[in-house]
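Try each task before reading its solution.

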Amino acid sequence: MSEDIATTADIHRLHIRRTRRMLHAMTAVALLISAAVGTEATAVSPADQPQPPSTAQQEKGMHAGLPFHDPVDADADSASQPDLSITLDADRTRFDVAGKEVYGESYTGSLVAPTIRVRPGQSVTVHLVNHLTVATNLHFHGLHISPEGLSDDPFLCVDPGASTTYRLAIPADHPLGTFWYHSHAMGTACPAPGSGATADMAAMDDSGFMPGDVENQIFAGLSGVLIVGDDRTLLPPALRQITTHTLALKDVQLDASGHIAQNTATTSIDSDNPTVRLVNGQLRPVLTMRPDETQLWRLANIGADIFYQLRLDGHHFTVIGEDGSPVARTSDADTLLLPPGKRYDVLVTACSSPGTTVLRTTAYSNGPQGDAYPDTPLATIDVTGDEAPRLPGVSGPMPTAPADLSAVPVAQHRTLVLSENADGTVFYINGRRFSMDSSVFDTPARLGTVEEWTIVNQSGEDHPFHLHTNAFQVTSINGAAQPYTHRQDIVSVPHAVNGTPGRVVIRVAFTDYPGRWMFHCHIAAHEDNGMMSYLNVVR
């Protein structure tokens, strides 16, 4: 038996661990609420929690197998405009999910937010209007833009009833590819008084301020895809007019009344609970291709918590971009692992004969102390119609792929140790929990330098590590050197096995943009779990 397979004892310990984690989370929320309203808190017993509905129960009332459709665009005319201005209204919403009435949150009334399309060199204005009862904000995940001011500052908070205008200056040489945007509301990390959680995720303090919760808000619906340029222009001429599709992967966990699960004083999001996996908010849609047709698929995991391990039965993916960065070496893959926030741009060529195949996420575990996901069909591919001309394959580097950092002098080495307490309820980086007033590193990084970071995972679950502002290059995983093929902004750091921590080494180039560069594990990380910090970058 593989040493990565959990034993019965492992599973029992995991059940106890999760129970303690849920109890810790709900009791902490109850204490915050009681402090806000001046009452005595009562601990919530996990035994009082109803069993979550099964996936089949949650899917009841949904319609599977409808024709595939891409997410709507935020501005259909953006490609022809010198600058772009859009408005996002964050609000609690009753929306239609595959024909079923579901209650959550949205920017424009749908579970999957509209796709924002921008061009290199474009100025983008995003008006965020907060109709929620708690604070919120935006993070433009993967974009290489300033982390300060009204650009991509995750410490910015938009109070309930307020609005903020983000101004994004997209560099003229920005990589072409797939990114995404989402709430990054971090509770007490917002520069306003108060902390806590209520039915949406927060408790009001004496000033009336109500902080938000990033996991709740992404899970409820506040996320969408963002595309920079059109990476078909990087392909050989014969491929530059192929059909493109965006596949936004997001799941929902619904209670019996159709409300999306939230962290509250009496409930808690559990990423291992039964869930409904959707593509663009659709349940197992049918995507049509012609025999021998090649399409470009933009794959994006825009959910809060769960992993996808994608496979297209009988086919392979040709990877031309990862995390919005054109690759230095194209590759064919039978499966692709997408932790939360991960993106791939891939070419897919249909078989030569009519028929159907299935895009699925295969059974996958992210460690004995993590989650175990079942094999789940996501979409049906219907190959039908007239045969398309067979197009040439793609190999070698993509134009504009970033340079290899492996031989560049390293200005500084840093180590990040990811750990948890015995109950799995508190998380640390280098033994410290998050503080917006101080970094886990005393020494700042300097623009114009390259650093090497070693990320050590002492826990029993894989941790997806994300760096804001710039992509990085992975040079080794668990001691195995990684040939340079691409840069990325998310890497899954393997869990510890038999007491030996998982280990990933990355190199980061600090080319521009001084300020606080945030990094964290898990997209839904926030200061309450501690596995996040930032690095001061100076000139």
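The exercises below look at one residue's surroundings and then at some salt bridges.

This is a predicted model, in which local features need pLDDT of at least 70, side-chain atom pairs count only at pLDDT 80 or more, and totals for chains, interfaces and linings use all residues. Residues are numbered from 1 along each chain as its sequence is written, and side-chain values use heavy atoms, with hydrogens and water left out.

**Exercise 1.** Find out whether His139 is buried or exposed, and list its contacts beyond four places in sequence.

*Solution.* Start with the accessibility: at 1%, His139 counts as buried (under 20% relative accessible area; exposed is over 50%, partly exposed in between; 1.4 Å probe, protein chains only). Next, collect the contacts (heavy atoms within 4.5 Å): Asp152, Trp180, Tyr181, His182, His184, His466 and His468.

**Exercise 2.** Examine the salt bridge between Arg390 and Asp292.

*Solution.* Apply the criterion: a side-chain nitrogen of Lys or Arg within 4 Å of a carboxyl oxygen of Asp or Glu. Here the closest N and O atoms are 2.5 Å apart. The partners sit in two loops, 98 residues apart. Finally, compare accessibility: Arg390 is exposed at 56%, while Asp292 is buried at 4%.

**Exercise 3.** Which residue does Asp489 meet in a salt bridge, and at what N to O distance?

*Solution.* The partner is Arg343, at 2.8 Å. This pair links parts of the chain 146 residues apart. Now check burial: Asp489 has a relative accessible area of 2% and is buried, and Arg343 is buried at 0%.

Definitions and conventions
Helix = DSSP H or I, 4+ residues; strand = E, 2+ residues; numbered from the N terminus.
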